[in-house]
Amino acid sequence: MEKVIVSDSPHIRGKRTTRGIMLDVVIALLPAAVMGCVFFGVNALVTILISVAASVATEFVYSLCLKKKPLEIIRSFDFTSVVTGLLLAMCLPSHVKWYVPLISAIFAIAVVKMLFGGTGKNIVNPAITGRVFAFIAFQSMMVSGWVAPTIAALDGNVATGATELTSMLGGNAASVSLLDMFLGTGMMGCIGETCKLALLIGGIYLVVRKVIKWQFPVTYIVVEGFVAVCLAKFDFAQFLPSILSGGLFLGAIFMATDYVTSPNSTAGNYVYFVALGVLTAVLRAATKIEVVSFVILLMNLLVPLINAYIRPRPFGAPGLVERIRAKIEAKKAAKAAKEEGGKQ
Amino acid sequence: MKARNGKFFSRGVHFRDMKFISKDCPISRLEAPNIASIALQQHIGKPAAPVVAVGDTVKCGQLIAKADGFVSANIYSSVAGKVIAIEKRANPRGGMDTHVVISRDIDADDTFVPLEPLKEKTKETIIARIAEAGIVGMGGAGFPTFIKLSPKTPVDTLIINAAECEPYLTCDYRLMVEQTDKLVEGFRLIAKALGVSHIIVGVEKNKPDAISLFEKYDDLDVVILRKRYPMGSEKHLIYCCTGRRVPPGKLPADAGCVVQNIATSYAVYEAVELNKPLFERVVTVSGQCVENPANLIVRFGTSFDFMLEKCGGIKGDIGMIIDGGPMMGATMLSTDYYTRKTDSGLLLLPASEVSLSNPTPCISCGSCARVCPMHLMPMDIDFYTQAGDYIMAKERGGVLNCIECGSCAYVCPASRALVQSIQLCKQKLREMK
């Protein structure tokens, strides 16, 4: 008899692996990354490359410090650091100095991800936290000095100084058309967030590959839009500008759907995404700045709570209605028994 | 009765059923082995107590071990010959069982000694006969059938599990198409023993010829089930056939149903009508690495080596030997083990078909929760079990409701050993009691 494998059941498994899923996410991010490079030129490309390289290198060095063998680290490489690096670069402006993506990526991987135990153990999304870190540490660079994209708006309008979202939240009328907002032409903003079309293509790819469910990002975007409409005294013209400006698409499709930092159950996910939508709209109106990354960070921290309280009901267990009905009947029976006892 | 479509349960997994390999091989009889090594533990419960000693001459169909206690089953000799040893031998599941080893007398008659014929077929006599013949659930669980036929709560429906949802296995399918009349007679006998008149046969869609054969009988309610693993799980079969849900921690009888398997029904027919004790069954020998796949009637105690030899031996590079189906069966180090009542298949798969990857960290993707047919949270069970917090695994993950079907581990992108975590957790919880 030749060598045979002895393993635990089940002995056949699906073909999907963590590495495969992460590769799918990288592929889905590529259209938006390419559009970022087209709009914002070489600077964008350099930022992306620095961020990805720093993420991968940090993970490698950190693993070396944990006394893992280099070959073993390479063999177990699962592309999560590439995803983190890419996502981080996509939510940075193209005009930041070279050390901003570098330091943010090191912070995201070393502190947020590896310090908590590596892949799957982080409690908040590393890319989001990296962005928030950059926002706080290099604030002047992150909120001003925006560069206009190489492709001007279709209607020839000149972009104003601030990003479209902050200018709109400040009470100004939209300076570019909705189509421009969707395509990202003439829009200022972070590298990966302006071209909604590219993000949407990536999102559809993830849905087709069954990496994410379409319902979740759609919930986030639609809820955000509606709450924004409500806050603008039911001005429905605000719906599309609100969802198309800023980093909502990037956050909803790629950041909030991160497996590790979103709830496990389907019902829990709906709670999470609805809360994200409401909080984003409310805080945008209150603070007049883009808050998607802060809101996702905040909700990441609430995920353990959602996981603890919102869990599926085991197959065959009575539903809420049945349980209430059973309780009422039990009370009735107890009452009847009491009355009968009283009569005697 | 005209077949109707069954309900469908959400979740579960779908894969290629691989039944084409042995689907068209008619059932053939494997000759009696020269050495039969019959385990005394072929069922759930206490091992049977041997009633023969080394040196005794036994006939085929003679009682060699008596049920010891209530949850146990009689065991009969499958060959005529001499008992040469009663010793501990390894079983395919990794443990050691006492085996009665019988050396076959080549000149002796291999036909069995019949049990005493039943004078009348009533509820009680049928159940007594099933207990006497040593019939257990032959789908894999091995729970003594007579106990299942005396439920504590009233039942109104007998459900026949003809789903055969494990890939590769075709032994039930072959019985359905070749021995339909006898099988239906077996269903009727079980229904009589239960005192019910409603017989539902749940067949998966991928066996259309079996469905059309069962449709010809007017007293059968044939239900066409969607192809989805684990359709053969009792709770899900009951839901799909009747729409009733078995509450967590309850038995099928609490929903008014009793579920029996095809092979068991056939054994009941043989025991009642032919007075034959249970000493052989149909086993599928299949997989890409078997020269001539087959569905064989095999006497218990026949070594897998012997079966494989009769099927032409191994073809190509073998990766894994499985006792039972690939989802819930056990892998074996070699084919040096012996058939038991619960063995429905012997599979030889190439390395390319089986899983080899090592576990990587859980990324909380939720795939396991999305496919869990019991609507549990396998990732939580795994997490808390690894952390040693079995109580939380019970409360948060609902580990005690798990049917160990393996759907979660099948889809897990991180190749986590979820089923083993669950089994470990259940074991620890039992120890804590």
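Mentor: Strand 13 of chain B, residues 257-261, is mostly covered, since five of its five residues are buried. This is a predicted model, in which local features need pLDDT of at least 70 and side-chain atom pairs count only at pLDDT 80 or more, while totals for chains, interfaces and linings use all residues. Residues are numbered from 1 along each chain as its sequence is written, and chains are lettered from A and ligands numbered from 1 in the order in which they are written.

Trainee: What makes a residue buried, and what makes a stretch a strand?
Mentor: A residue is buried if 20 or more other C-beta atoms, placed from the backbone, lie within 10 Å of its own, exposed if 12 or fewer, and partly exposed in between. Strands (E, at least two residues) and helices (H or I, at least four) are DSSP runs, numbered from the N terminus.

Trainee: How do you know that both faces of strand 13 of chain B are covered?
Mentor: In a regular strand the side chains alternate between the two faces of the sheet. On one side of strand 13 of chain B, B:Cys257, B:Val259 and B:Asn261 are buried, and on the other B:Val258 and B:Gln260 are buried as well.

Trainee: Why are strand 10 and strand 13 of chain B called paired?
Mentor: Two strands pair if DSSP finds at least two bridges between them. Strand 10 of chain B (residues 157-162) and strand 13 of chain B share five bridges in the parallel sense, so they meet that definition. Within this pairing, B:Asn161 stands opposite B:Asn261.

Trainee: Which strands stand at the edges of the open sheet in chain B?
Mentor: That sheet has six strands in the order 2-15-14-18-16-17, with mixed pairing. Strand 2 (27-29) and strand 17 (330-332) of chain B are at the edges, because each has a single partner strand and one side of each is left without a neighbour in the sheet. Strand 17 of chain B pairs with strand 16 (residues 320-323) in the antiparallel sense over three bridges, and B:Met332 is the bridge partner of B:Ile321.

Trainee: Why is helix 1 of chain B called roughly perpendicular to helix 7 of chain B?
Mentor: Helix 1 (residues 123-132) and helix 7 (residues 262-273) of chain B pack at about 110°, with their axes 9 Å apart. Axes are lines fitted to C-alpha atoms, for helices over the stretch in contact, and angles run from 0 to 180 degrees between N-to-C directions. Angles under 35 degrees count as roughly parallel, over 145 as roughly antiparallel, 65 to 115 as roughly perpendicular and the rest as oblique, so this pair is roughly perpendicular.

Trainee: Which residues of helix 1 and helix 7 of chain B meet?
Mentor: B:Ile126, B:Arg129 and B:Ile130 in helix 1 meet B:Val268, B:Ala271 and B:Val272 in helix 7 of chain B, where a contact requires C-beta atoms, placed from the backbone, within 7 Å. By class, this contact has five nonpolar, no polar and one charged residues. Ala, Val, Leu, Ile, Met, Phe, Trp, Tyr, Cys and Pro count as nonpolar, Asp, Glu, Lys and Arg as charged, and the others, Gly among them, as polar.

Trainee: How many residues does each chain give to the contact between chain A and chain B?
Mentor: Chain A gives 35 residues and chain B gives 50. The side of chain A that touches chain B divides into 14 nonpolar, 13 polar and eight charged residues. Chain A itself has 15 helices and zero strands.

Conventions. Two residues are in contact if their C-beta atoms, placed from the backbone, lie within 7 Å.
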